[in-house]
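Biologist: I have this chain open and want to go through it with you. Can we start with the strands?

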Amino acid sequence: HKTFLDILRPYFTSTCFWINQFFFFFYRNLYSHRFVIPLDIDEVIVPVKDKKWTQLIKRIISNDPKVLQKYASLSAPNVFFFNLDSNNSVYRNNALMLNNVQRLNTFSKPGLAVKSFISVNTSLAIFNHYSLFPLYPKMKKNALIHHSLAQLNHYRSNCPHRSKVCKQLTKGFKNDKILKKYQSPLLARIKKVEESLNLTLLDNESKSEWPLLQVVDNVCKSA
């Protein structure tokens with residue numbers, strides 16, 4: 001008979017380090033939170049009708065009171081935002097997500113590149129998109145949240161290489177300022193972090209002189 005580790009082993013072959021990180025992240029928060037959300041630094045789940053994640057979850061449960069009994073994860077649909085004009089920054093240069101408001105007209109294929117609210121009470125193992133193994137046999141891995149309720153803003157400098165999403169570029173872009181409702185508190189927190197780290201705001205011409213920004217840019221471009 002196969003053990004639980006035998007079942008998981010194929011998932012460890014090429015991504016052992018990252019899987020271990022997800023497990024650590026998941027079990028570390030097992031008794032302190034109802035959900036965990038494995039997000040990359042270029043992503044954010046944004047409620048459409050609400051302002052807070054807690055309000056979004058309450059709305060989803062209100063629409064379907066048994067949703068967390070049927071699904072181990074609630075997944076936000078992915079939509080790409082591209083940095084079409086880096087020299088036309090309305091906000092501070094390090095407020096990347098506020099500056100980039102041009103996104104694809106269409107969302108990614110349902111289930112593709114989603115990120116999720118993963119229930120710690122009903123997940124046995126997770127990976128970076130949703131619950132890998134629900135705790136109970138009749139539960140499904142994830143349910144897709146409708147884009148009228150939430151969206152996963154995914155910020156890229158250009159179209160991901162070898163990605164089918166590149167074909168969607170011909171469908172055009174949409175101006176999406178959904179993050180504007182967070183503008184004031186976000187800019188205040190950015191300033192607070194800058195001051196605590198003794199950082200100086202740089203303009204576009206001197207941006208390359210900031211090693212941290214350069215490293216983050218390179219990581220995002222190669223992802």
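Biologist: Which residue in β10 is the bridge partner of V79?
Modeller: N153 is the bridge partner of V79 in β10. This is a predicted model, where local features need pLDDT of at least 70, side-chain atom pairs count only at pLDDT 80 or more, and totals for chains, interfaces and linings use all residues. Residues are numbered from 1 along each chain as its sequence is written, and side-chain values use heavy atoms, with hydrogens and water left out.

Biologist: In which sense do β4 and β10 pair?
Modeller: Parallel, over five bridges, between β4 (residues 78-82) and β10 (residues 150-156). Strands are DSSP runs of E, at least two residues, numbered from the N terminus, and two of them pair if DSSP finds at least two bridges between them.

Biologist: Is β4 buried or exposed, and why?
Modeller: Five of its five residues are buried, so β4 is largely enclosed by the rest of the structure. Buried means under 20% relative accessible area, exposed over 50%, and partly exposed in between (1.4 Å probe, protein chains only).

Biologist: Which residues are on each side?
Modeller: N78, F80 and F82 are on one side of β4, V79 and F81 on the other, and all are buried. In a regular strand the side chains alternate between the two faces of the sheet.

Biologist: Different topic. Where is L124 found?
Modeller: L124 is in strand β7 (residues 123-126). At 31% relative accessibility, L124 counts as partly exposed.

Biologist: And the chain overall, how many helices and strands?
Modeller: Seven helices (DSSP runs of H or I, at least four residues) and 11 strands. Of the 223 residues in the chain, 39% are buried.
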